[in-house]
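Please look over the sequence and the 3D structure shown here before reading the notes that follow.

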Amino acid sequence: MSDIATLRRVLRDCHTIAVVGLSADWFRPSNFAAKYMQQHGYRIIPVNPKYPEILGEKCYPDLRSIPEKVDLVDVFRKPADCVAVAQDAVAIGAKALWLQIGVINEEAKRIAEAAGLTVVMDRCVKIEYARLYGGLNWFGVNTRVISSRRPTWLPH
Amino acid sequence: MADREYGFDTLCLHAGQIPDAATGSRAVPIYQTTSYVFDSPEHAASLFNLQTFGNVYTRLSNPTVAVLEERVAARTLYGGTHTQLDVNFRKLGIDTVFVDADDPENFARAITPKTKALYAETLGNPSLNVVDIAAVARVASQAGLPLFIDNTFASPYLCRPFEHGAAIVVHSATKFLGGHGTTMGGVIVESGKFPWDNGRFATMTEPSPGYHGVRFYETFGDFGFTMKCRMEGLRTFGPALSPLNAFLLLQGVETLPLRMERHCANALAVAHWLQDHPRVAWVNYPGLPGNRYHDLARKYLPKGAGAVLTFGIKGGAAAGAKFIDSVEFLSQLANIGDAKTLVIHPASTTHRQLSEEQQIAAGVGPDLIRFSVGLETLDDILWDLDQALQRSS
């Protein structure tokens, strides 16, 4: 499900995000999306066997090696790799699995949902955060947010 | 629970703005500023590299202008938009081939390997031809090209070209969106559905040297085109809308549905009335049964054929000039889409420098009067028309 209420709940309830396939190159979308989330208060745990550290955080070769609790698994990998990632996300007790734009794998979605995880697919975590909590609306994008309530957060 | 799909009228009032987080202001605040502070040098770097969302300089983005942008984007269904004034493509070396839009195959015949886009108007000016948008969109799609539709004369209330396959919609916001003849503005809206990675649009898929190698389509996806318009086009050419003008246009957009209903009702009544007038040679309004575009108008403009109509006055150019000189409150000026009724005789004004043959070739014969029917009391519009027609003989 990727309705506004579900996305808001995922982004509110998850504080630690493991980013699978995070690149150390500052100009790659995975890097600046993770950096954006880090700057907006989330703890980022990089998952990539190629690097010891990214964005100032220790990098792990896979999800199962992470010694602490992970809330959200955010995936920047090709769709074929996602079944194994979904199985790992279930194994480490994540609350939600997020497959980025263009990363579509129905089997991975089924595995994670069967284990009770919320699954978001074919969306960007950074764009959705900016859409629902402010920032994206400064660029004329149709955020689909309609409300007469004053928000309790300041977009930044 | 699935998100609610709000109606068009609700979106005209609410899309793009929630109460101001800092003050609770319900109306759209006018953020009259040129620039925005950075939190740190690193924040500034992230903004300049397009790696975070934020305001830098009002030429690129402004929170008041953004409300107008999003409202227009929401009402035209999906995608990003940005406002733009007075872009002059001809000076940029962009070649254009003009075709007769009545046969969609004419577009197909004109496409070459260098073609980048097809472009048409929902309602042509001043001929008021209705384009078969879906048919032209199929030609565009088969060629891997985006179809641009200028939807100014219809407004998003009467026609939403994305529903018929257009990739980009443009409007002169000066007309019905603003609706009160106060403010110049324009918008570009993208559907978010065009596959820019089909091999024909390297500038959308290859690294942008001005932004440290950002690939607009990869990075921004369904709002990649408008981000490129904003970050390269607005930055370089500077046609930015002012915050106050965005505010004024927004006041118009709030009542667009109500105004368009009355514009269309009055225009149809005026068209019928003119048909029976002894001083009128012909009437062109796609909403009239018997008009050559009536069937297309019923398909693409089911809620009304717009506010603009043309008619031929008996007595040619001299009678046209006399007619214009005789109106009491209908306004003689070169615009459309004002709440007030506007009227112009091109042969004695905008097209005066052309010969009669050239005027006819341009679709504005010497007897043609163009009307943008406004929101005044219908009887008063007809009264002014009638007395001016009587005096024109």
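How much area do chain A and chain B bury between them? Chain A and chain B bury about 3,400 Å², and 58% of it is on carbon and sulfur atoms, where buried area is the accessible area (1.4 Å probe) that two parts lose on being put together, summed over both. This is a predicted model, in which local features need pLDDT of at least 70 and side-chain atom pairs count only at pLDDT 80 or more, while totals for chains, interfaces and linings use all residues. Residues are numbered from 1 along each chain as its sequence is written, chains are lettered from A in the order in which they are written, and side-chain values use heavy atoms, with hydrogens and water left out.

**Interface**
- On the side of chain A, Trp138(A), Phe139(A) and Ile146(A) lose the most area to chain B, together 22% of what that side buries.
- Contact, meaning heavy atoms within 4.5 Å, links 36 residues of chain A with 45 residues of chain B.
- There are 3 salt bridges between the two chains, a salt bridge being a side-chain nitrogen of Lys or Arg within 4 Å of a carboxyl oxygen of Asp or Glu.
- Arg144(A) and Glu5(B) form a salt bridge through their side chains, at 2.8 Å from N to O.

**Sheet in chain B**
- An open sheet of 5 strands (DSSP E runs of at least two residues) runs in the order 6-7-10-9-8 with mixed pairing, two strands being paired if DSSP finds at least two bridges between them.
- Strand 6 (280-284) and strand 8 (331-332) of chain B each have a single partner strand, so one side of each is left without a neighbour in the sheet.
- Strand 7 (308-313) and strand 10 (368-372) of chain B pair in the antiparallel sense over 5 bridges, and Gly312(B) stands opposite Leu368(B) in strand 10.

Key: Helix = DSSP H or I, 4+ residues; strand = E, 2+ residues; numbered from the N terminus.
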